[in-house]
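Subject: Structure handover

Hi,

Here is the structure you asked for. Please look it over, then read the notes below.

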Amino acid sequence: VRPFNDRERERGAKCCVCMQGPSTLITDPHTGKEKTFTFDYSFWSHDGFIEEPNGLLVPEDDRYADQRKVYNKLGTEVLDNAWDGYH
C-alpha cells in the first residue's frame, strides 16, 4: 500500500487497506464489509516512515516496508534462483 498522494490527502481520503502478515485486508468504506486476500508476502508502505530532505523514505517502525525490507524478503531468493538457472 503506497502513501496517499496530494489529491487524496486534500480530499480527506481514508485508508481502507491493511496488512496482517501475508494477508491484505480491504474494507469497503461504505458498507464496512471486509475482504481478505492472502499472498506469499504482503508489504505495508502507506505510513510509518520519515521523508528525508533528499526524498528518501526511511522506516520509523517495523511495519513499514522499504526497498531494503522487500529485497531481503524477495530479492535474495530471486537472485539465488537466477544464478541457479531458474527463471
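Helices (H or I, at least four residues) and strands (E, at least two) are DSSP runs, numbered from the N terminus. Phenylalanine 39 sits in the loop between strand E3 (34–38) and strand E4 (49–51).

This is a predicted model: local features need pLDDT of at least 70, side-chain atom pairs count only at pLDDT 80 or more, and totals for chains, interfaces and linings use all residues. Residues are numbered from 1 along each chain as its sequence is written, and side-chain values use heavy atoms, with hydrogens and water left out.

Surface patch
Ile26, Phe37 and Phe39 make a nonpolar surface patch of about 260 Å². Patches take residues with over 30% relative accessible area and no salt bridge; like charges are joined within 9 Å, nonpolar side chains (Val, Leu, Ile, Met, Phe, Trp, Tyr) within 5 Å. Areas come from the Shrake-Rupley method with a 1.4 Å probe; for residues, only the protein chains shown count as cover. Phenylalanine 39 has a relative accessible area of 45%.

Salt bridges
The structure holds 3 salt bridges (a side-chain nitrogen of Lys or Arg within 4 Å of a carboxyl oxygen of Asp or Glu).
- Arginine 2 pairs with glutamate 8 at 2.9 Å, N to O.
- Aspartate 6 pairs with arginine 9, the closest N and O atoms being 2.4 Å apart. Both are in helix H1 (residues 6–10), 3 residues apart, so about one helical turn separates them.
- Aspartate 47 pairs with arginine 63 at 2.7 Å, N to O. This pair links distant parts of the chain, 16 residues apart. Aspartate 47 is in the loop between E3 and E4, and arginine 63 in the loop between strand E5 (57–59) and helix H2 (67–83).

Best wishes

Note on methods. Buried means under 20% relative accessible area, exposed over 50%, partly exposed in between (1.4 Å probe, protein chains only).
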